[in-house]
Each structure stands twice: as structure tokens, then as C-alpha cells.
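Could you walk me through this model and point out what deserves a look?

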Amino acid sequence: MFKNYNMNQVVLPMDVEMKLQENDIAYSVHELVESIPDEDFSCFMRDTGCPAYHPRMMM
């Protein structure tokens with residue numbers, strides 16, 4: 001079980017998407033990380049202890 005992972009959550013007081021240009025590398029990195037299948041992260045799953053942060057968020 002991982003902690004809730006949502007790339008669209010608002011954590012900062014400003015809207016970061018409005019500050020990034022359309023061709024910013026951050027969008028490419030985001031799409032690359034999101035393209036990794038969930039099955040590739042299954043080896044990190046644990047049933048005991050505190051839920052960990054999702055590996056996608058750590059990337």
C-alpha cells in the first residue's frame with residue numbers, strides 16, 4: 001500500500017503549470033514516469049508498517 005499519489009494536487013500557493021512553458025522538460029519527465037506500468041512497482045509494495053510514498057512520486 002502506498003500513500004495517496006496525485007500529481008494534480010495543489011501543494012504550493014501558486015499554480016506551477018502557469019509558470020512552465022509548454023515545451024518545458026518537466027512535462028516530458030512527467031509523461032515518462034507516468035508511462036511506467038504499475039506492475040513494475042509491485043516489488044516495492046509492503047503489507048506492514050506505515051504506507052510508503054509511491055515510487056513515481058519519488059522519481
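Here is a short tour of the model, from the overall fold to individual side chains.

This is a predicted model, in which local features need pLDDT of at least 70 and side-chain atom pairs count only at pLDDT 80 or more, while totals for chains, interfaces and linings use all residues. Residues are numbered from 1 along each chain as its sequence is written, and side-chain values use heavy atoms, with hydrogens and water left out.

**Confidence**

Let us begin with pLDDT, the predictor's confidence in each residue, from 0 to 100. The protein chain averages 77, and 75% of the residues score at least 70. Among the elements, helix α2 has the highest mean pLDDT (88), and helix α1 (residues 16-19) has the lowest (64). Where pLDDT is low, the predicted coordinates should not be read in detail.

**Overall fold**

The protein chain has three helices and zero strands, in the order α-α-α from the N terminus. Helices here are DSSP runs (H or I, at least four residues), as are strands (E, at least two), numbered from the N terminus. Among contacts (heavy atoms within 4.5 Å) in the protein chain with a separation of 6 or more, 58% are between residues 24 or more positions apart.

**Surface and burial**

The protein chain exposes about 5,400 Å², with 57% of it supplied by carbon and sulfur atoms. Accessible areas come from the Shrake-Rupley method with a 1.4 Å probe, and for residues only the protein chains shown count as cover. Buried means under 20% relative accessible area, exposed over 50%, and partly exposed in between (1.4 Å probe, protein chains only). By that cut-off, 12% of the 59 residues are buried.

| Residue | Relative accessible area | Class |
|---|---|---|
| Phe41 | 5% | buried |
| Arg56 | 10% | buried |
| Asp38 | 48% | partly exposed |
| Met58 | 60% | exposed |

Met58 sits in helix α3 (residues 55-58). Together with Tyr53 and Met57, Met58 forms a nonpolar surface patch of about 330 Å² accessible area. Patches are made of residues with over 30% relative accessible area and no salt bridge, with like charges joined within 9 Å and nonpolar side chains (Val, Leu, Ile, Met, Phe, Trp, Tyr) within 5 Å.

Phe41, by contrast, is buried and lies in the loop between α2 and α3.

**The salt bridge**

Which side chains meet in a salt bridge? They are those of Arg56 and Asp38, at 2.8 Å from N to O. This pair links distant parts of the chain, with Arg56 in helix α3 and Asp38 in the loop between α2 (25-34) and α3, 18 residues apart. The structure holds one salt bridge, defined as a side-chain nitrogen of Lys or Arg within 4 Å of a carboxyl oxygen of Asp or Glu. Side chains of opposite charge can pair when their charged atoms come close.

Arg56 also has a polar side-chain atom 3.3 Å from the backbone oxygen of Val33.

Note on methods
Polar contact = N/O pair within 3.5 Å; in protein donor to acceptor, adjacent residues only side chain to side chain.
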